[in-house]
Amino acid sequence: MDLADILDRHKGREGPLLPILHDVQATFGYVSEDAIRAIALALNLTRAEVHGVVSFYHDFKTKADPRPVLKLCRAEACQARGVDAVAADLPQDGRVKVETVYCLGLCSVGPAAMTGDTVHARLDREKLKALVAAL
Ligand code: FES
């Protein structure tokens, strides 16, 4: 799938910008300046408008980063359930990109994290280490 396919898929859709950006991010791993230009042209927006949305949401990247991503919830409920202690042993070697998120909707079964489209609950140090090792 290329950018033209993504733009075609969302043609005529109401509010297509975010779905297009999500598809571009998922397909290419980032939203390039060329993609921003093409999306702006297709949606009759300025590049600044598209870039503003890309830079506002942390899920959209403007540069390729091949590392696997672990999204670790550090919102209040997961804080109360000990996420800081659970994450204390996370490797600092940079092989995995650890992103902080604020609530994955699993507050009652936290600490919680997300890899790809999969959410992980009731994390402890061992489960988190195994999760990172498997990435
Ligand atoms: S606070 Fe962590 S999942 Fe809601």
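Which residue in E2 is the bridge partner of Leu72? In the predicted model described here, that partner is Thr100. Local features were considered only at pLDDT of at least 70 and side-chain atom pairs only at pLDDT 80 or more, whereas totals for chains, interfaces and linings use all residues of this predicted model. Residues are numbered from 1 along each chain as its sequence is written, and side-chain values rest on heavy atoms, with hydrogens and water left out.

The protein contains seven helices and four strands, where helices (H or I, at least four residues) and strands (E, at least two) are DSSP runs numbered from the N terminus. Along the sequence these elements follow the pattern α-α-α-α-β-α-α-β-β-β-α. The C-alpha trace spans about 50 × 30 × 25 Å along its principal axes. The domain assignment, of a kind that comes from an automatic or database source, gives domain 1 (3–56) and domain 2 (69–134). The centres of domain 1 and domain 2, taken over C-alpha atoms, are separated by 30 Å. Of the 135 residues in the protein, 35% are buried; buried denotes under 20% relative accessible area, exposed over 50%, and partly exposed the range in between, with a 1.4 Å probe and protein chains only. Among contacts (heavy atoms within 4.5 Å) with a separation of 6 or more, 60% are accounted for by residues 24 or more positions apart.

The four strands of an open sheet are arranged in the order E2-E1-E3-E4, and their pairing is mixed. Its edge strands, E2 and strand E4 (118–120), each pair on one side only. Averaged over the sheet and with direction ignored, neighbouring strands are turned by 25 degrees against each other. Strand E1 (residues 69–73) runs parallel to E2 and is joined to E2 by five bridges; two strands are taken to pair if DSSP finds at least two bridges between them. Helix H7 (residues 125–134) packs on this sheet, where it touches E1, strand E3 (113–115) and E4. The direction of H7 makes about 155 degrees with that of E1; axes are lines fitted to C-alpha atoms, for helices over the stretch in contact, and angles run from 0 to 180 degrees between N-to-C directions.

Within helix H7 lies Leu128, which counts as buried because its relative accessibility is 1%. Not counting residues up to four places away in sequence, Leu128 touches Leu70, Val86, Ala87, Leu90 and Leu123. The C-alpha atom of Leu128 is separated by 9.5 Å from that of Ala112, a residue 16 positions apart along the chain.

The side chain of Glu99 makes a polar contact of 2.9 Å with the side chain of Lys61. A polar contact is a pair of N or O atoms within 3.5 Å; within protein, one atom must be able to donate a hydrogen and the other to accept it, and residues adjacent in sequence count only if both atoms are side-chain atoms.

Several backbone features occur in loops. Most residues other than glycine have a negative phi, and most peptide bonds are trans. Asn44, although not a glycine, has a positive phi of about 60 degrees. This residue lies in the loop between helix H3 (33–43) and helix H4 (47–56) and is exposed, with a relative accessible area of 70%. Cys103, likewise not a glycine, has a positive phi of about 90 degrees and is placed in the loop between E2 and E3. Pro111 is also located in the loop between E2 and E3, and the peptide bond from Gly110 to Pro111 is cis, with omega near -5 degrees.

A search of the whole structure finds zero disulfides, a disulfide being a pair of cysteine sulfur atoms within 2.5 Å. Cys78 counts as buried because its relative accessibility is 3%, whereas Cys103 counts as partly exposed at 39% relative accessibility.
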